[in-house]
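Have a look at it first, then work through each task before reading its solution.

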Amino acid sequence: MKISEILGSGKVTVSCEVFPPKKAVDLEQVQEVVRQIASYNPAFLSVTYGAGGGTSQNTVKIAADVQRLGIPALAHLTCVCATKEKIAAVLQELKENHIENVLALRGDIPPGVEFPTPRQYQHACELVREIKAAGDFCIGAACYPDGHVECEHKDDDIGYLKEKVDAGCDFLTTQMFFDNNVLYNFLYRIMAKGIHVPVVAGIMPVTNSKQIKRICALSGTTLPPRFRAIVDKFSDKPEAMKQAGIAYATEQIIDLISNGVNAIHIYTMNKPEVAGKIMENLSEIIG
Ligand code: FAD
């Protein structure tokens, strides 16, 4: 099923993200994570794709597992290190596995990884155009409520986002954010620029304080004082951090739904128990 149809239903939807294993030996473990998350019946399940190729070979395999479990899969695809031939081959593989949804990304160049010279892709909009031409895919792309870390001016970032959407995006998924007002402001600004595709709000339940500080530094996501206080308070108590992280994410989601943001995406970090707790907390709200 296409994600555009799911989002177009007007219902509240909660979807989840998983990432493939870094090492082939861990494949079964990730497949078990997928089975557990699928049992919570997310609206769809997205599977990330390593920009440098490292974890990419299992993306289609795991996305195919997701579909076999009866859940629509969204396969991520990055182009920064890819050749045109490689992208065509992955799209063919997706078609063979009846995967209709692709998240078209540029990706970040991982340190130490070679990319083709001359580089064959500069920006995600080029990939969007290619996927659009390659078949009947439902195409998503990334957007950044706090602004993309490489873009100096948020207005320019939104201008490029408009170009990407016009290239053929059916929906957008946001980078994680911890202050809902940042998202509301972003939604207002993109609408003013003529971007009207559905936006799926990406929520990261923070269960590890060190990890979140590193991710925020890399991604440019701001931590509001209320959230920073939680991270500082519980950084030495992993179980308390987990409980507080789940509670914060739940509150964020309830506020979003109350304000008309119907599509929520949980960055599960391959922790089914965290996704499960949030789903349980929302059972009457999304039921
Ligand atoms: P782009 O849309 O190309 O934007 C990148 C930068 O270039 C921005 O600063 C933008 O303003 C600028 N730009 C865009 N178009 C132009 C243009 N025409 N001219 C000049 N400047 C331009 N990474 C992975 O490796 N694997 C994943 O599976 C993955 N999944 C993700 C899922 C989500 C929901 C999000 C939000 C991010 C994900 N990422 C993933 C990270 C993503 O690859 C990085 O954030 C990357 O730096 C940007 O990718 P993009 O597709 O947004 O790039």
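## Exercise 1: around the ligand

Find the helix or strand that gives the most residues to the shell around the ligand.

Solution. Keep in mind that this is a predicted model.
- Helix 6 gives the most, with four residues.
- Now list the elements that supply at least two residues each: strand 3 (73-78), strand 4 (101-105), helix 6 (154-166) and strand 6 (171-174).
- Next, go to the whole shell: 25 residues surround the ligand, and the closest are Tyr 49, Asp 108, Tyr 144, Asp 157 and Lys 164.
- Sort the shell by kind, and you get ten nonpolar, nine polar and six charged residues.

## Exercise 2: polar atoms and cover

Work out how much of the ligand the protein buries, starting from an oxygen atom of the ligand and the side chain of Lys 164.

Solution. 
- A polar side-chain atom of Lys 164 sits 2.8 Å from a ligand oxygen atom.
- For His 148, a side-chain N or O atom is 2.8 Å from an oxygen atom of the ligand.
- With Arg 106 it's a backbone N or O atom, 2.8 Å from a ligand oxygen.
- Then the cover: the ligand taken alone exposes 980 Å², and the protein buries 85% of that.

## Exercise 3: the sides of helix 2

Decide where the buried residues of helix 2 lie around its axis.

Solution. 
- Pick out the buried ones: Leu 27, Val 30, Gln 31, Val 33, Val 34, Ile 37 and Ala 38.
- Looking down the axis, these fall within an arc of 155 degrees, so they line one face of helix 2.
- On the face turned away from that buried side you'll find the exposed residues Glu 28 and Gln 29.

Definitions and conventions:
Residues numbered from 1 in each chain as written. Predicted model: local features only at pLDDT ≥ 70, side-chain atom pairs only at ≥ 80, totals over all residues. Heavy atoms only, no water. Near = heavy atom within 4 Å. Polar contact = N/O pair within 3.5 Å; in protein donor to acceptor, adjacent residues only side chain to side chain. Areas by Shrake-Rupley, 256 points an atom, 1.4 Å probe, with all protein chains shown as cover. Nonpolar A, V, L, I, M, F, W, Y, C, P; charged D, E, K, R; others polar. Buried < 20%, exposed > 50% of the residue type's maximum accessible area, 1.4 Å probe, protein only. Arc of directions from axis to C-beta.
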